[in-house]
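Dear colleague,

Please find below the structure that I promised to hand over, together with its sequence. My notes on what was found in it follow directly after.

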Protein chains: 6
Amino acid sequence: MTVRMDQLSWVEYERRVREQSPVVFLPCGATEQHGPHLPLGTDALLASALCEDVARQVDGLVAPALSYGYKSQPKCGGGQHFCGTTSLDGQTLIALVRDAVREFARHGITRLVLVDGHYENQWFVTEGIQLALRELGPSSPLEVMRLEHWDFCSESTLSDVFPDGFPGFALEHAAVIETSLMLHYLPNLVSLDLIPDDGPADFPPYDMYPSRTAWVPPSGVLSSARGSSADKGLRMARDIVGGIADAVRKEFRL
Amino acid sequence: MTVRMDQLSWVEYERRVREQSPVVFLPCGATEQHGPHLPLGTDALLASALCEDVARQVDGLVAPALSYGYKSQPKCGGGQHFCGTTSLDGQTLIALVRDAVREFARHGITRLVLVDGHYENQWFVTEGIQLALRELGPSSPLEVMRLEHWDFCSESTLSDVFPDGFPGFALEHAAVIETSLMLHYLPNLVSLDLIPDDGPADFPPYDMYPSRTAWVPPSGVLSSARGSSADKGLRMARDIVGGIADAVRKEFRL
Amino acid sequence: MTVRMDQLSWVEYERRVREQSPVVFLPCGATEQHGPHLPLGTDALLASALCEDVARQVDGLVAPALSYGYKSQPKCGGGQHFCGTTSLDGQTLIALVRDAVREFARHGITRLVLVDGHYENQWFVTEGIQLALRELGPSSPLEVMRLEHWDFCSESTLSDVFPDGFPGFALEHAAVIETSLMLHYLPNLVSLDLIPDDGPADFPPYDMYPSRTAWVPPSGVLSSARGSSADKGLRMARDIVGGIADAVRKEFRL
Amino acid sequence: MTVRMDQLSWVEYERRVREQSPVVFLPCGATEQHGPHLPLGTDALLASALCEDVARQVDGLVAPALSYGYKSQPKCGGGQHFCGTTSLDGQTLIALVRDAVREFARHGITRLVLVDGHYENQWFVTEGIQLALRELGPSSPLEVMRLEHWDFCSESTLSDVFPDGFPGFALEHAAVIETSLMLHYLPNLVSLDLIPDDGPADFPPYDMYPSRTAWVPPSGVLSSARGSSADKGLRMARDIVGGIADAVRKEFRL
Amino acid sequence: MTVRMDQLSWVEYERRVREQSPVVFLPCGATEQHGPHLPLGTDALLASALCEDVARQVDGLVAPALSYGYKSQPKCGGGQHFCGTTSLDGQTLIALVRDAVREFARHGITRLVLVDGHYENQWFVTEGIQLALRELGPSSPLEVMRLEHWDFCSESTLSDVFPDGFPGFALEHAAVIETSLMLHYLPNLVSLDLIPDDGPADFPPYDMYPSRTAWVPPSGVLSSARGSSADKGLRMARDIVGGIADAVRKEFRL
Amino acid sequence: MTVRMDQLSWVEYERRVREQSPVVFLPCGATEQHGPHLPLGTDALLASALCEDVARQVDGLVAPALSYGYKSQPKCGGGQHFCGTTSLDGQTLIALVRDAVREFARHGITRLVLVDGHYENQWFVTEGIQLALRELGPSSPLEVMRLEHWDFCSESTLSDVFPDGFPGFALEHAAVIETSLMLHYLPNLVSLDLIPDDGPADFPPYDMYPSRTAWVPPSGVLSSARGSSADKGLRMARDIVGGIADAVRKEFRL
């Protein structure tokens, strides 16, 4: 039985909404460079795959991913100077999220989770949710959870995955976490032999605009993806999927 | 070799853009009721499948589909009262298209095709393209083609597919064309046994708002999908794919 | 007794709204090239004249026309490269319609008809209505009808007006329908001697941006206006006016 | 020979723009209560009539009026609580003006005059012009004049028209100036017998929102229209038309 | 005891709102040239100082000033060609005011006064208030006063301050009123020795865009500031502060 | 000699811009609850004070602060349910920043630093900068630095300031860092005796909307401010001011 909303007829979707009050997951991705070894769709593909795993655990549904996200920034996604990175203005993403949330409320959905797979999306997704809720008014029964999926990796997992120390999520772009999760979910789309040798990027505590492209490794990889493995991906996926499922059960009283 | 942009690394994408000046196809879909027998994602799924077939013929690339489209209208998509239909405001879709076109221009793409699979999207997609081109200015080398895929069905095909007469594209929502194309491309997502008996809807030459939901068959199917077949889908897909490929070769001088 | 709202004092308008609950008609026009023989104001002038005729039949009122419309497109209005065509961005037209609808609701109008005389306006007018109704909320008594006036020409009229076959509304820009209606309503503004010899334009099933101006006859006329006459105009006006009046009576229960 | 742009074909308009570099006048009106004796369209009707007179003097052209304006305010137009007053949001009017200016620049117009007939429009018209000019860039040859027409009444005329002292333009809503100008231009639309007895409104030096409707005479007339006459209208029209024509000749070097 | 909201803790602010229903004053300023003798912040500094004086009289509170305002115009602020003038688009200022008003309503504030110190702000502030009130709906208890502070100078004060005749508020930019008020409130920021000799600017009854910078004295002072004094400033401040306090007591029933 | 732009005349500002090409600092604050012991204006006051210290070191100028910021979030600022917190929509803040940056570019400023003192502002400030730079085009000489001031505290300072371990910037709302900096800069606005006993908030790795207000300590303080001191404030201010000054010198080649 599929959990993908786009594969269900409206009749089946409506029945499930009416009878089961399912949690709907909306993956928020991007089309963004992820180094020479990962595909441009990584953020949307991973967020979707993780959502599907969670949905199976909690009898939820997964809406079509937002495949385009906010502008890539040098210190977390490499920046807008990369060919292939295809980004939205902040206001566009805000409106996209607002409209989607408004529609799910119209369907009768009361439990919605926006699973962000692209660091730069966070605040625009937040604003979109808040604008929709303001419009829906205080009597709306809709509750929305918002999260970045990597925040559910446990500390013990991170210390095992990064035996030499975790460089922080900021540099984890196209690096060990994303590469390992892709090896777990979509190994055919990973080119292990193309992982670059770039050391971790070293960014100052400020941003410059126009972007200082020299700060970013030419590969677009902010810290090395070496050491990635499907096993690590599986372990992190378990943390993330289990963690989100637990959060959903708790907050939505399932 | 994949034609899907989201499965390519930026390095490979950049190489192809630089060396081959490929045509990029952007499928514009929707999440919209398509009767009890077709999935909510039909418009995006079909537009994407057709784009991939065309791209293979012309060495092009297919960008991630816009999975959400403009508000469904009673006379062409059933209307916004259906559960599951998940739509955007006009301004949101305009901005989404504008941003995407702007970004492809930054990549160095000079040949872009927006393939619309959702009737209601047309004018907002048009406006998005025009706003992007205004912003890019007259010296930009970008040329954009915009089309609805069904307009490439030949008259002879339509007369064969509809031996009792073609009811017109307006009523062809979740009906023989879309059902046959889905049977050709994604038969597992079609529930032939659930095709409703609804006769063709009979709409007056005006619209009413709030929508007169009684005008629309409760199933959401505007004319019967009976008689759909994978063979008919194949025949129409050949028309559409071949027609778009020819148009692309002609207009983009390939 | 005038039906034009702009010629009534507010005191008289208010009395009629309070006592008679009249239908208000809002003509949606454009300022757009209509060949060498018709004036730039054709769309607004015709929509206004037709609205006044309908209003007289149903004791309605006609609001000042929207004199500027959405951007002209090559395949239905010649395109934006013509001098004199003066168009609005989509978002501007959406907002204009939304604001006007909101205000009529405030007046206590419950029956509003937007009569579109410019093909390109359709979807932006639709969105403006929908945004206003969303804002007004489900308890508002306002009902809105939206239409393109030419859709009320009967098939028998069209077959008489076009003895060699009707080329379709798409090519009927500055052609027989509009020229005949202008000869009926405003003959002084028609220069019959300047009707060009251009044969019908032959457009492919796609659009190109920037517009391929070579597709469009230099005159701006998409199919010949030869054969236009005031008699044909009268006959079509009768269809349109009678048809809209009937629709209004039926839908607004007059 | 007409000066109304909407009555010219594009061919004739284009010829005049190319050969004569004419001044284009854009009347900016409103649909707003003007007491029991003047019609709702007064602002657009007067601005258009004055523009046509000026255009005849300087071989200019008059574009279709903006028939809807910014929200009526109690102290200059009576306020938004009157039935019949039909107003736009500020952003809508800004966009409308911006789009129109952008289009006249595309036509090759270099001399544009926005003639405001509705006090409340001023700043939104100003912003629309400035946004258009920013977009057109510093190399655009377009020059734009903006004015309120009543500011061209000379002091000697005002002292003759108001023998008991001029109450100021702020209170001149539906009062002697507008009534006299309407008696000059469109006497059939004036109901002299309905002029109310309301004395001049006495407003404090601040505004209150929601509007204090008790501040405004129930008739909507802010100071008495008694003493209005076609002769006074003629005299003021001469001042205004002559004054604008002189300004246009001076600033546009005609 | 401070009246400045930004110096209060939220706990103290909340207590006062709950117990005292205080009037909140929001100064609306600008960052704009004020000649060689007054600082760029004059409008925000004066509006804030006056608000604080009024607030002390009526036990009110003063919110942080809006330090940036609408674009300076030649005839009232010198224009946008001056270095240092730092202005907002109309839509930005509208949104800023709308958001602020919405938030004060959420706090439980029912008495809000927007004190404008920058002539060009007026209509955008007005629109912001109206948009917020529309959103809050008719059941909101919020009442908003809006004013320009100089309008509270009494005629007798003006005739004393300008023994040679009052040139009108329009030319009072960086002139006697503002300079005297600054000498009263913030004398250290006034450079009396730098007051220029420019005579009063003489503007025609229309505007030109792009701005005719030659119309504006190079100093940016529209009429002479000579004769300014702290005494005059004190006298005008008394009028303004007393007048606003009286208005507030009357309209808000204190 | 003042570094505050609002205290300079435009003549002096223009001279400095022309002769010295100074760095301009724009503090980005908020009006937001900061517990019972810190004032609502803390973010703008601190950002301004730090900017002034840096400006004195590098001969720069400080523009008037943005006193209102993006909506407070529970996990970093307590959330929007606090009385006194006065926030902007995302789009408003984006536009405010875009307009300001555009204006500084017009002045001839080529070195601009946006110093953010409110965590929630980050991405909207980023978008505002990027929109302005897009509009200014690639030939603009403007370079913009963007930063959160607390990121310049050195690790050694943090380990001294937090002998029991640094809880992370996320929880540092109205806590030791802000309280100590306020004790250093504006001790009169700190009520040390009102510091609450609340332990550190413990947030899950996701957000809920509508906000779960029970997650947030009723005081609004996210971790204890106990242990704050002016000495700690001085030490951190030295880090921050010195760090920003160094960054500015390096990136702007001073």
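**A strand between two neighbours**

D:Met208 stands opposite E:Met145 in β6(E), in a model that is predicted. Helices (H or I, at least four residues) and strands (E, at least two) are DSSP runs, numbered from the N terminus, and two strands pair if DSSP finds at least two bridges between them. Strand β7 (residues 207-209) of chain D and β6(E) run antiparallel and are joined by 3 bridges, whereas strand β5 (residues 111-116) of chain E runs parallel to β6(E), with 6 bridges joining the two. Between β5(E) and β6(E) the chain passes through helix α5 (residues 122-136) of chain E, in a β-α-β crossover that is right-handed (with the strands pointing away from the viewer, the path from the first strand over the helix to the second runs clockwise).

Strand β6 (residues 143-148) of chain E is largely enclosed by the rest of the structure, because 6 of its 6 residues are buried (under 20% relative accessible area, with exposed over 50% and partly exposed in between, for a 1.4 Å probe and protein chains only). Both of its faces are covered, with E:Glu143, E:Met145 and E:Leu147 buried on one side and E:Val144, E:Arg146 and E:Glu148 buried on the other.

**Contacts between chains**

D:Gln130, which lies in helix α5 (residues 122-136) of chain D, is buried at a relative accessible area of 14%, and it touches E:Tyr70, E:Lys71, E:Gln73 and E:Tyr209, not counting residues up to four places away in sequence (contact means heavy atoms within 4.5 Å). By contrast, no contact joins chain B and chain E, whose closest C-alpha atoms lie 17 Å apart.

**Cysteines**

Over all chains the structure holds 0 disulfides, a disulfide being a pair of cysteine sulfur atoms within 2.5 Å. A:Cys76 is in none, the nearest cysteine sulfur, that of A:Cys28, being 16 Å away. F:Cys28 is buried, with a relative accessible area of 1%, and its sulfur is 8.2 Å from the closest cysteine sulfur, in F:Cys51, which is too far for a bond.

**Conventions**

Residues are numbered from 1 along each chain as its sequence is written, while chains are lettered from A and ligands numbered from 1 in the order in which they are written. As this is a predicted model, local features need pLDDT of at least 70, side-chain atom pairs count only at pLDDT 80 or more, and totals for chains, interfaces and linings use all residues, while side-chain values use heavy atoms, with hydrogens and water left out.

With best regards
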